[in-house]
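Subject: A structure for you to look at

Hi there,

Here is the structure I promised to pass on. Please open it first, and then read my notes alongside it.

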Amino acid sequence: MNAHVRRTFYLFVAGFVALVGMLAYWQVYARESLANNPENGLQTQRAIQTPRGLILAGDGETVLARSAKRQTPGGAVYDRVYPQGEAFANVVGYWSTKYGATGIEIGENSNLSGTAEPATLDGLINQMTGGPKPGNNVVLTLDPELQRVAQEAIASSATGRGAVVAVDPRNGEILAMVSSPSFDPNNIDQTFPELARDPDSPLINRAIQSLYPPGSTFKVITASAALEAGVSPSEHFVDDGTYELPGYTVHNFQGREYGRVTFTQALVFSINAIFARIAVERIGAEDLAQMAFDFGFDDSYDDFPLPVSASTLGAPPSEWTPGTTAQSAFGQGQVSSNAFEMALVAATIANDGEMMEPRIVREIRSPDGIILDKPTPSVRHDTLDAGAARTLNEMMQKVVTEGELTVAEIPGIEVAGKTGTAEAPPGAPHSWWITFAPADDPTIAVCAMVENGGRGDQAALPIADTVMEAYLKGRAG
Amino acid sequence: MTQRATSPMILALLITTLGFATLIFAQEPKSPPLIYGAYYAGTLFVLYLGVRLILPHSDVLLLPIVTLLTGIGLVMIYRLTYDVQGAENLATTQAVWILVGSGTMFFMVVFFRNYHRLFDYKYLFALIAVILIGLTFTPLGYEVNGARLWVDLGPVGFQPSEFARIALVIFYAGYLADKRDVLAATSRSFLGIQIPALKYFGPVALVWAASLGLLVFEKDLGSSLLFFALPLLMIYAATGRIAYVLLGALLFSIGSFVTYQLFEHVQLRVQSWLDPWQDPDGAGFQILQSIFNIADGGLTGTGLGAGFAQTIPEVETDFIFSAIASELGLLGATAVLLAFLAFVYRGIKISLLAEDEASKLLAYGLTAMFAIQTLVIVGGVTKAIPLTGITLPFVSYGGSSVVGNFILTALLLVISEQAGRREEEEILYEGGP
């Protein structure tokens with residue numbers, strides 16, 4: 001009889017093994033797909049029952065996002081509130097259990113939701129005991145006053161569509177990043193369907209997600225490559241208004257002829273024909289492209305917490321015809337970029353050719369205020385040697401002083417800059433202005449871009465100027 | 001037989017304490033009267049010492065397993081119902097039931113040491129079992145969640161089937177031990193399978209059919225499955241005749257088909273097992289919530305108190321294992337299953353070492369019942385098999401179930417006492433180690 005008893009015992013053992021197998025199937029193999037099943041409300045329930053961390057502006061005080069407790073019959077739940085509304089919406093993003101999350105809300109989600117690896121002993125004990133895991137606070141680098149000024153300026157521009165990015169060239173901190181039109185992230189659950197249908201796409205962060213031809217602002221990259229190729233600022237070129245290539249002819253903006261000019265003057269007057277000639281005859285496709293890559297083209301800044309569309313030159317330089325090189329030299333053709341990238345280009349020149357890693361998160365703090373993470377400024381790339389950068393800096397100052405851009409001048413402060421008027425048929429051209437100041441020791445670099453805003457000096461320049469002035473005066477006072 | 005289990009006992013109580021400490025100190029400051037915890041720990045430890053004193057040769061390793069399982073159950077019931085909005089506090093009630101179960105066990109250990117007398121009343125036990133199940137059809141019985149399983153006994157309701165099944169095991173063990181030889185003898189063979197003489201089957205078949213029939217009409221599928229499989233396993237253990245198993249499989253197929261055709265609630269159960277997604281907010285809701293919660297636990301679990309198992313209807317009874325798997329993860333749930341397997345292993349060992357055939361069959365029957373019950377409910381909540389409402393021994397909330405399983409353990413203990421004594425004598429005579 002014992003043999004029979006034993007035999008059925010093995011049957012029971014097999015049953016238990018099968019159950020462990022079944023559990024492993026659900027808990028390991030099918031876990032992900034079940035968690036994402038639309039019928040599964042557990043993740044949503046978990047998310048709304050835990051307060052997320054704060055998002056704070058660079059002053060460490062201005063609250064950009066917080067979780068507000070609300071009592072319901074099923075227990076306390078938390079709603080996300082954005083006290084600063086539209087001005088910060090495209091950076092902070094929104095957080096919705098219905099429509100997902102964007103911006104810092106998703107980029108720093110593991111910190112904000114408290115699911116990051118525990119960083120303190122308290123956190124570790126909490127995790128092991130399954131205790132509540134309140135989210136960490138995220139402090140951004142944004143200057144709240146500057147952000148508001150930038151948002152107002154871009155929103156009241158000619159088309160109301162565009163972006164402004166301000167960056168501290170010395171450490172790569174993003175001081176302002178705005179996109180217009182913006183949206184109110186409060187009550188996103190109700191407003192989302194309408195916002196998503198809006199033809200002006202307010203949910204898109206134009207500063208980083210959209211790509212536009214950068215036009216003549218790209219000439220600072222071509223100029224950098226030219227300086228490295230041995231072109232001197234005082235070297236003379238003769239302009240007859242066009243530059244002819246097999247199959248493609250470059251024309252100057254508005255068909256002007258400048259005659260005998262220096263390289264500096266070619267930048268000041270933004271002479272396409274001369275830049276095209278220099279690019280084709282002195283620099284070459286490979287070196288021009290390499291310079292753009294060194295400035296951050298073709299890079300989506302994966303360490304940056306917001307999704308950046310990589311600026312691009314189109315086809316690889318090995319496939320370029322001289323026509324492609326000529327067009328690229330003044331930022332048309334297949335070249336496309338955005339305010340974020342072009343602000344970094346300006347900042348790199350301002351920082352003596354050293355490109356700093358762009359940062360928008362200054363520090364992560366635990367709910368008790370303990371600093372958990374504080375990234376230090378780091379050099380991303382040695383793009384230009386200091387001499388070439390200083391030379392270009394001086395050339396860009398002359399763009400303001402000799403280019404009759406008096407509107408860009410700030411009393412008592414040397415300003416450097418470059419306009420861009422990028423053709424965007426069938427609409428009006430995109431208006432660009434990249435700038436930095438004070439030119440001898442720059443503390444801010446700005447790029448303003450107005451979609452279909454017309455000439456660079458008319459739409460974008462005043463916006464960037466307002467932002468820069470607000471920043472420099474704020475610092476002085 | 002293991003005669004000392006003080007360390008496992010302390011370990012089991014420590015695990016329970018750790019569970020409570022986690023919930024009380026790490027989750028929220030609200031705590032039940034701690035005196036309940038002290039009663040619980042004290043009672044089980046005194047029970048352990050008492051059993052060792054009264055039954056010095058018994059397999060007391062069963063007690064730390066019982067302590068661990070009731071402890072985990074208590075922690076989970078506390079976590080799921082104490083100070084939870086919309087839930088009635090059941091933890092203190094469960095603690096009281098554990099005390100009652102312990103008292104019953106102690107009583108049995110003292111007064112049923114000569115358990116062989118039970119076999120003299122085997123037909124009475126069969127009658128009691130059928131009457132107990134039949135009670136639910138009297139005006140005393142009432143329905144809960146569509147199954148008529150409950151009997152109103154003044155202050156408390158109880159589920160007679162939890163006790164009837166033990167009475168049935170006693171009957172089957174006694175009868176099969178008597179008739180074992182004639183049942184095993186074969187008179188003819190058919191298609192190479194030897195057909196046993198069926199006439200001695202009468203009483204078993206009668207009790208089997210009666211208990212099963214009543215349960216089917218009560219709509220208690222879990223118990224039906226248990227009452228169906230148990231005698232088959234016991235007959236196989238007694239006779240070793242595979243023919244009985246084949247016969248059982250055949251009957252099971254016919255029975256399943258007939259009940260599926262006859263009863264709408266059976267069809268519903270099978271359909272929501274095969275395709276719960278068809279009606280995720282209705283028939284499939286419970287099993288889907290169970291699966292979602294189990295999956296949510298992952299390898300290491302969400303941590304005690306951090307899961308959402310309250311979303312499963314009936315979580316503190318039938319679905320308590322889903323809550324364990326959710327909050328303790330695959331590792332914790334496997335550990336709990338191993339504790340169940342350890343209990344089954346001790347039970348089988350007691351059966352193997354037991355002196356006479358009736359004792360062997362009784363120990364085996366009780367153990368097999370325990371094992372099937374665990375496999376059926378855990379298989380049900382993990383969607384391995386169709387869900388049938390049945391409690392997880394010692395862990396699920398429920399007085400009848402807890403007390404019933406304490407009685408089951410008490411019987412195993414008294415059987416092991418005799419086996420242990422015999423083992424010791426053999427060693428003495430043979431001079432072995």
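At 1.5 Å a residue, the 16 residues of H16(A) should span 22 Å, and the end C-alpha atoms are 23 Å apart, which agrees. The expected span here is 1.5 Å times one less than the number of residues.

Before going further, a word on what you are looking at. This is a predicted model, in which local features need pLDDT of at least 70 and side-chain atom pairs count only at pLDDT 80 or more, while totals for chains, interfaces and linings use all residues. Residues are numbered from 1 along each chain as its sequence is written, and chains are lettered from A and ligands numbered from 1 in the order in which they are written.

Back to H16(A): its buried residues are Ala389(A), Thr391(A), Leu392(A), Asn393(A), Met395(A), Met396(A), Val399(A) and Val400(A). A residue is buried if 20 or more other C-beta atoms lie within 10 Å of its own, exposed if 12 or fewer, and partly exposed in between, with C-beta atoms placed from the backbone. The cover over the buried residues of H16(A) includes helix H10 (219-228), helix H11 (263-268), H15 and E17 of chain A. Contact means that the C-beta atoms of two residues, placed from the backbone, lie within 7 Å.

**The sheet in chain A**

E17(A) belongs to an open sheet of five strands, in the order E8-E7-E19-E18-E17, with antiparallel pairing. Two strands pair if DSSP finds at least two bridges between them. Strand E8 (174-180) and strand E17 (416-422) of chain A are the edge strands, each pairing on one side only. On average, neighbouring strands of this sheet are turned by 5° against each other, direction ignored. Helix H15 (residues 339-350) of chain A packs on the sheet and touches strand E7 (162-167), E18 and strand E19 (444-450) of chain A; the direction of H15(A) makes about 150° with that of E19(A). Axes are lines fitted to C-alpha atoms, for helices over the stretch in contact, and angles run from 0 to 180 degrees between N-to-C directions.

How buried is E7(A)? Six of its six residues are buried. Gly162(A), Val164(A) and Ala166(A) point one way from the strand, and Ala163(A), Val165(A) and Val167(A) the other way. In a regular strand the side chains alternate between the two faces of the sheet. E7(A) is joined to E19(A) by six bridges, with Val167(A) and Ala445(A) as bridge partners. Six bridges also join E7(A) to E8(A), where Val164(A) stands opposite Val178(A). E7(A) and E8(A) form a hairpin with six residues between them, and Gly172(A) in the turn has a positive phi of about 80°.

In E19(A), have a look at Ala448(A). Ala448(A) counts as buried because it has 34 C-beta neighbours inside 10 Å. Beyond its neighbours within four places in sequence, its contacts include Val164(A), Ala339(A) and Trp433(A).

The loop between E17 and E18 of chain A holds Pro426(A), which a cis peptide bond joins to Pro425(A), with omega about 10°. A cis bond also joins Ser180(A) and Pro181(A), with omega about 0°.

Chain B has 15 helices and five strands, and buried residues make up 54% of its 433 residues. Neither is a glycine, yet phi is positive, about 65° for Lys383(B) and about 70° for Phe394(B). Most residues other than glycine have a negative phi.

How many residues of chain A are in contact with chain B? There are 32, and they meet 48 residues of chain B. H1(A) gives the largest share of the chain A side, 18 residues.

Enjoy exploring it!

Best wishes

Note on methods
Helices (H or I, at least four residues) and strands (E, at least two) are DSSP runs, numbered from the N terminus.
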